[in-house]
Amino acid sequence: MTVAAQPMAAPGRGAVAPLAGGVALGDGLLGRWQRRNRATTIPHGIERLETEGNLDNLRRLIGESDAPFRGLVFADSDVHKTLEAVAWELGHGEDARLRAFYEEAVALLARVQDDDGYLDSAFQRADREKERWSDLTTGHELYCAGHLIQASIAAKRALDDDRLLAIATRVADLIVRRFGGSAAEGYPGHPEVEYALVELFRLTGRREYLDVARAFVDRRGAGWLGRGGFGSSYYQDDTPVRETAIMRGHAVRALYLNSGVTDVYLETGDESLLSALRAQWDDMVTRRSYLTGGTGSRHKDEAFGDAYELPSERAYAETCAGIAAMHWAWRMYVATGELSYGDFFETALYNVVADGISEDGAAFFYSNPLQLRPDHVSGQQEAAARRLDWYYCACCPPNLMRTFASIEGYLAAARGNELQLVQYTRARIEAELEGGRVALDVDTEYPLDGRVRISVIEGFPGAALALRVPAWASGHRVSVGGGAVSAELRGGALRLPAVLVAGTVIELELDMPAQVLTGNARIDAVRGAVAVRRGPIVYCLEQADNDVDIDEVEVDPARPLAAGQAATPLGPVLVATGARRAPGGALYSAWQARPEASDRPIALTLRPYATWGNGTPGAMRVWIPASTG
Ligand code: FUB
Ligand code: ZN
């Protein structure tokens, strides 16, 4: 039996409710990515947990390995994230390799756990550098606990297996004893545990998990965490959550925190949290994120930059930040019912997150810049020129694994008697709505094209459908049973009352012509340049596709873009018209008079950004100087 991933259960006060499973991906892009993840990425990751020492770090605590502790202080979290991915995948169907890892890891964690519930190999080891809970700022114990809790929720929901949940609830109970109650102090240097605890509350009904998550949110902002090397803004600890209107500091921390804050709002209804979240969301989307959905423009501190500080080649845009932004976008949608939050989710998914993994599923980017210079000296983790098969700081690969393994949990939600489709991909979707049950087949090549055909298999009178119309769509048409209908588009949603009746076919057509975009003039790094986007897919120039040096070209934005011959998993290559503007004479100096453009127009081949770097190594750029005549 196939069990659909359900990363989030219906919250107490959501405007919409995530579905309780019931989604099976078909042979569309997301289904193919999920299968690649199962067949290649997860087995690759399991092997790396072995070779990099993550599993030995646990085994050595029970005398089953002589190896020294290896890796970073949060090495356990890679095990937990992989376990989460494996649990969702075992829910999709048995697999001997995945099952063997799952059984071994669960048994290992059970044996390693201390009597009081404590479980973190970096702090349990006899040769530990610090005592438990003595360094909340950088120790990552609560971060690791959060990932363990999320893995255990996956195991319970996908496999109905209580073993990991028993381990994780003992950890959570210890957290409640140590950090719960008004007399207690402390909160995590790296947020993550907040939304894990809220989800554990949803699963178990135990209020103390929600209370401690809320306490972590309420306590933040005291400046208590910044006393180490980084400043308090790095930890989002410079201002109280409710008084914060801007995104700052370490991007993954900020985005995990805001996911947790949204979850606390979703259970408490504390409107002061939601208004701070809305302000921060607007700040991120309008001033502090890349066209690709990437966030964190500074390598230093892996942090958000100033407003409009969005350099292309130095974009940090960590893969984990892309995933965390998807988590937050989904929760903002659940909180508000505004389908337009799905726009940022899909932008991040198909661009910065998809860029984080190679076409074959076994190599990864940690940072996802929007430009690679031809002579770039490849750093390890944070500035690799090519995707690497693992990282010393390996947070991103297992994060990708759990994301693809559970991606069906983010396609649709319910609002009363209405089913809302947020992301489009080939899938069977079954849901219990107020008034009855619905089942529908979604057939689409999205995002290759914008046609979505929905066949209702089961429905009931009055069952409604809402469809997200992305802001990038230059036009849209919808028909029910072959007849065009006009429905008002409000807040990115088309509402179709009473259409979910068995046998009905609903067709949505979204126009996705290639669009030429410019950046806000305040983004100095891209002033005078343009980028190309088709539907949600951002394009780039890659050297391997072009004969001319891509750092010496400009594009004529007035000339139409044509579809090229080659296809990629994210869309056709596109051909633009431009010219070469080479430096004069032998001069390649930084400063010189503006060279003449070549008379002869040249064809420039663009490919979906996330597909670059899978062939011949070389330069890449998303933003291309525009010819000014
Ligand atoms: O600190 C844990 C993870 O390592 C962060 O989320 C990533 O940014 C990387 O620094
Ligand atoms: Zn990462």
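Here are figure legends for a few views of this predicted model.

**View 1. The whole fold.** This protein has 14 helices and 23 strands (DSSP runs numbered from the N terminus: H or I of at least four residues for helices, E of at least two for strands). Its C-alpha trace spans about 75 × 65 × 50 Å along the principal axes.

View 2. Of the 629 residues, 62% are buried, meaning under 20% relative accessible area with a 1.4 Å probe, protein chains only.

View 3. Glu302 sits in the loop between helix 11 (271-287) and helix 12 (319-336). Glu302 is buried but has no salt bridge (a Lys or Arg side-chain nitrogen within 4 Å of an Asp or Glu carboxyl oxygen). Arg253, the nearest side chain of opposite charge, is 5.3 Å away.

**View 4. The neighbours of Glu302.** Setting aside neighbours within four places in sequence, Glu302 has contacts that include His250, Tyr316, Tyr366 and Gln381 (heavy atoms within 4.5 Å). Gly249, Ala251 and Glu318 are also in contact with Glu302.

**Notes.** Residues count from 1 along each chain as written, chains are lettered from A and ligands numbered from 1 in written order, and side-chain values use heavy atoms, without hydrogens and water. Local features need pLDDT of at least 70 and side-chain atom pairs 80 or more, while totals for chains, interfaces and linings use all residues.

Key
Buried means under 20% relative accessible area, exposed over 50%, partly exposed in between (1.4 Å probe, protein chains only). Lys and Arg count as positive and Asp and Glu as negative; His and the chain ends are not counted.
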